[in-house]
Every structure is written in structure tokens, then in C-alpha cells.
Amino acid sequence: MKKFLIDLFTEDDNNTWCIARVSTFMGILSFIGLGISHIVMNHAFEPSEYGMGLGTLLGGAGVLVGAKAATQKEQK
């Protein structure tokens, strides 16, 4: 499990943390946490709004990681 997480959040060299992937993961966790707290506090859940928000977050994350990969220097 530890190797999987390291592979998931690091660059190709497995030593450098990828800020795009780590920030995306933190954003998704906070989005889910805020969604849960909204349900607990307001006792209401709108699946379409939650789905659009999560889809937007994941779409933006894909663009962020793709743009970072496109501008990353090639390693020799």
C-alpha cells in the first residue's frame, strides 16, 4: 500500500512529490469533507449539485496534471 501511494503522489523518479497530484488529493478530500458537513448541518443533499462540483474538481485536476506533465522537462 505504501508503494502504491508513493507511486501515486510522486514524480517519475519516485523521490520528488508532485505538487499537482498532492494538491488535487487534498482538494478532493476537503470537498468530500465539506459535503459531509453540509449534510450533517443542513440535513439536505442535492446529488446533481454535488456531482457537478465533484466533476468540475476532477476535470480541473486532470487539466492541472496534464499541463504539468506537458511542461515538465525530460529526464535523461
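Residues are numbered from 1 along each chain as its sequence is written. Because the model is predicted, local features need pLDDT of at least 70 and side-chain atom pairs count only at pLDDT 80 or more, while totals for chains, interfaces and linings use all residues; side-chain values use heavy atoms, with hydrogens and water left out.

Let's start with charge. Side chains of opposite charge can pair when their charged atoms come close.

Helices are DSSP runs of H or I with at least four residues, strands are runs of E with at least two, and both are numbered from the N terminus. For accessibility, buried means under 20% relative accessible area, exposed over 50%, and partly exposed in between, using a 1.4 Å probe and protein chains only. Lys3, at 57%, is therefore exposed, whereas Asp7, at 34%, is partly exposed.

The other salt bridge pairs Glu11 with Lys68, whose closest N and O atoms are 2.4 Å apart. Glu11 lies in the loop between H1 and helix H2 (19–42) and Lys68 in helix H3 (residues 47–71), so this pair ties together parts that are 57 residues apart in sequence. Glu11 is buried at 12% relative accessibility, and Lys68 is partly exposed at 23%.

Now look at Thr10, also found in the loop between H1 and H2. Thr10 has 3% relative accessibility and so counts as buried. Its side chain makes a polar contact of 3.2 Å with that of Asn14 (a pair of N or O atoms within 3.5 Å; within protein, one must be able to donate a hydrogen and the other to accept it, and residues adjacent in sequence count only if both atoms are side-chain atoms). Beyond neighbours within four places in sequence, Thr10 is in contact (heavy atoms within 4.5 Å) with Asn15, Thr16, Trp17, Cys18 and Arg21.

Finally, consider the helices on either side of that loop. In H1, Asp7, Leu8 and Phe9 meet Arg21, Val22 and Phe25 of H2.

How values were computed
A salt bridge is a side-chain nitrogen of Lys or Arg within 4 Å of a carboxyl oxygen of Asp or Glu.
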